[in-house]
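Here is a short report on a protein structure. Look at the sequence and the 3D view first, then read on.

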Amino acid sequence: MTNYFTMDGTDSTNFQKEISGMMHGFGDNPNPNAATVVLVESIVQQQLKFMIQEAHQNCNLRCGKAITNYDIIYLMRKNIKKLKRLHDYQLKLDQIDKKCILNITTQAESLITGLLEDEKDPTVKKRRTHIDYIREFDEADEVSQIKFDSIDYIRKVRAAKITESMTFEKYEAYHKARCLSFRSGYGIGRGFVKLERWLNPVKEFKLTQSALEVLGFVAYETVAEIVDGVFLIRQDAKKRSGDPFSKFEGGYFCNPVSLSNAVYIKSGYEGVPAITVAEVREVLRRYYSPRTGMNGLFYRNMSLDLPIRYIAL
Amino acid sequence: MDISSNNLDKRSTPSVPTPDWTTNAQNEMEIPLVEAPAPSTPALSSNHDNNLSSKYIQDVTNESHTNRASVISSTTNPTQTPTQCGTHSSVITPAISTSQSLITGEVALTPTHSTFTPQSINPHSAMTAITPMVSGTDQARSSIKVQNCVSTIHLGCELKLLDIYCRTRFSEYNPARFHGVVMKIIDPRATALVFRSGKVLCTGLRNEHDSYIAARKFARIIQKLGYPARFLDFKIQNFIATADLRFPIRLEALQQAHGQFASYEPELFPGLVYRMVRPRVVLLIFVNGKIVFTGGKTRGEINEALDIIYPILRSYRIS
């Protein structure tokens, strides 16, 4: 789809269907705005491409042959919350993989892993090592200190609230939308072929499977963060100055009434209005506006290289 | 087989002929009917297409039908199955035979005659039509189907895997991939993993009995190869069963309420993984109301898990 927003009109592989489903899953309208989807897709793609570039530099510095999950996790090292989320992500993935294997009766040789502890198969164990790398980067052992994943909690509460009063047909569509991710295919053999073709069409970088797994996680997080940001913006837009009770008025994520005076409303058949391009742009503006920290607006970057910040990290 | 033996018992006491409502019995019952066509003998049969299709026989069968129906409605057994009819028919038999003794002529044989039906009202009107209603739990429980049954045995001797692989049919051994021999048999269709320590894991069976038989066959095969194999510690390790609740479930709400047991990550796996503590069973719950049970050691555990989870899931039903 050649569009104003797409960087180059040549790429045939896109994740528009998946991203529109993901946005629906995170609480957008069942039919997300097509222009928004295209914009979000280009944002995610750009972010991941920057990330691969930077990981490639790091990889060269440490004389690696291919970009591994080590390089990608290295970029994430500052954000402990996201490291924790990746840590949990791997734990869940491992559990689910084991579960899937158990369900397949014909794959008898895989059955053994969970059953006879004394005769463990050495080849099966430890394909993913994200957790080991996370432990390595996390010298102060801060990741294990986090007991509560607030991002996850907020998203789950939102999903539960959205589904509260859905009919079965709508819920089925919602469930299908939530099942989408940046992995292609179904089951254990979910691969990252499409993701790699999307990010790295001419194979200029060598990416290992584990690196792609982390990239898929980051891409998913990016979409989620953008949608989260939109809901925060809508909450802000609703606030009236001088009203002391405005902060108590309902949830900011899914209550259609609380969104009624958001600026750009083009409501679909569901209560929640579809996320507009302007809202996504506002989210990005807030992400990239200079921090009002210790240096504030007078911050000078002495080494003159612009710091790249990632939405998901 | 047991039906015919039943009928043999009944034929040994010809003085009280019992009406047998099972259709299988009609061949057995036909012979005394033909031999004794006297109108006074209370030979009853459910056989409507009997060649003795006189009015008398038909009336009697009609009458016994109403009697039987009233008995059923009075006991109000909701789960009435055809196999249980036999017991009921034996209950009503003396009543019929006493009423038979009062019959004198052709006139008294109408089904609504007072001598025939001592009740003041027509039993048809007293009868309430009870459709066999089963509760949701029963329905869900009857939908449990064991898909796989994993058992282990210990042969009590060290095995040479390469030797076993070379001397048996339908076996695979690839030490680089998996350090055990994969053996298969056809009847019952089963797969076993044989390890060097003498442990055998037997899988692919639908029930415990088949699993036991398959395990014995595998042990026998290895014994025939010349190992001093014994059949020790047969144990069912895991049942994998499925059930269908027949209503959709709101997984998000369930996940919110049972956060410490449930994990639901739709982008990774479409089902909700529910780790039940007691009984120690893992349930995979899907949106369409289908459940997969894994990790149960007995059928009882799976039934128990379903009994526990049913009311919970019921409350998260999508109406």
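## Ground rules

A residue is buried if 20 or more other C-beta atoms lie within 10 Å of its own, exposed if 12 or fewer, and partly exposed in between; the C-beta atoms are placed from the backbone. The model is predicted: local features need pLDDT of at least 70, side-chain atom pairs count only at pLDDT 80 or more, and totals for chains, interfaces and linings use all residues. Residues are numbered from 1 along each chain as its sequence is written, while chains are lettered from A and ligands numbered from 1 in the order in which they are written.

## The two chains

Chain A has 11 helices and zero strands. Chain B has 10 helices and 10 strands. Helices (H or I, at least four residues) and strands (E, at least two) are DSSP runs, numbered from the N terminus.

Of the 313 residues of chain A, 34% count as buried. For the 319 residues of chain B, the figure is 28%. Two residues are in contact if their C-beta atoms, placed from the backbone, lie within 7 Å. Take the contacts in chain A with a separation of 6 or more: 68% of them join residues 24 or more positions apart. In chain B, 59% of contacts between residues at least 6 apart join residues at least 24 apart.

Two packed helices are described by the angle between their axes and the distance between the axes. Axes are lines fitted to C-alpha atoms, for helices over the stretch in contact, and angles run from 0 to 180 degrees between N-to-C directions. Angles under 35 degrees count as roughly parallel, over 145 as roughly antiparallel, 65 to 115 as roughly perpendicular and the rest as oblique.

Helix α1(A) (residues 16–26) and helix α8(A) (residues 168–178) pack at about 120 degrees, with axes 7 Å apart. That makes α1(A) oblique to α8(A). Gly21(A), His24(A) and Gly25(A) of α1(A) meet Tyr174(A), Ala177(A) and Arg178(A) of α8(A) in this contact. The axes of α1(A) and α2(A) (residues 34–61) come within 9 Å and cross at roughly 105 degrees. So α1(A) is roughly perpendicular to α2(A). From α1(A), the contact uses Gln16(A), Ile19(A), Ser20(A) and Met23(A); from α2(A), it uses Val37(A), Val38(A), Val40(A) and Glu41(A).

## A buried cysteine in chain B

Cys149(B) is in strand β1 (residues 145–154) of chain B. Why does Cys149(B) count as buried? Because 26 other C-beta atoms lie within 10 Å of Cys149(B). Beyond its neighbours within four places in sequence, the contacts of Cys149(B) include Leu205(B), Ser211(B) and Phe239(B). The C-alpha atoms of Cys149(B) and Ala241(B) are separated by 8.6 Å, although the two residues are 92 apart along the chain.

Most residues other than glycine have a negative phi, and most peptide bonds are trans. Phe170(B) has a positive phi of about 55 degrees. Phe170(B) sits in the loop between α7 and β2 of chain B. Arg246(B) has a positive phi near 65 degrees. Arg246(B) lies in the loop between β6 and α9 of chain B. Arg246(B) is exposed, because 12 other C-beta atoms lie within 10 Å.

A cis peptide bond joins Asp187(B) and Pro188(B), with omega about -10 degrees. The bond from Arg278(B) to Pro279(B) is cis too, with omega near 0 degrees.
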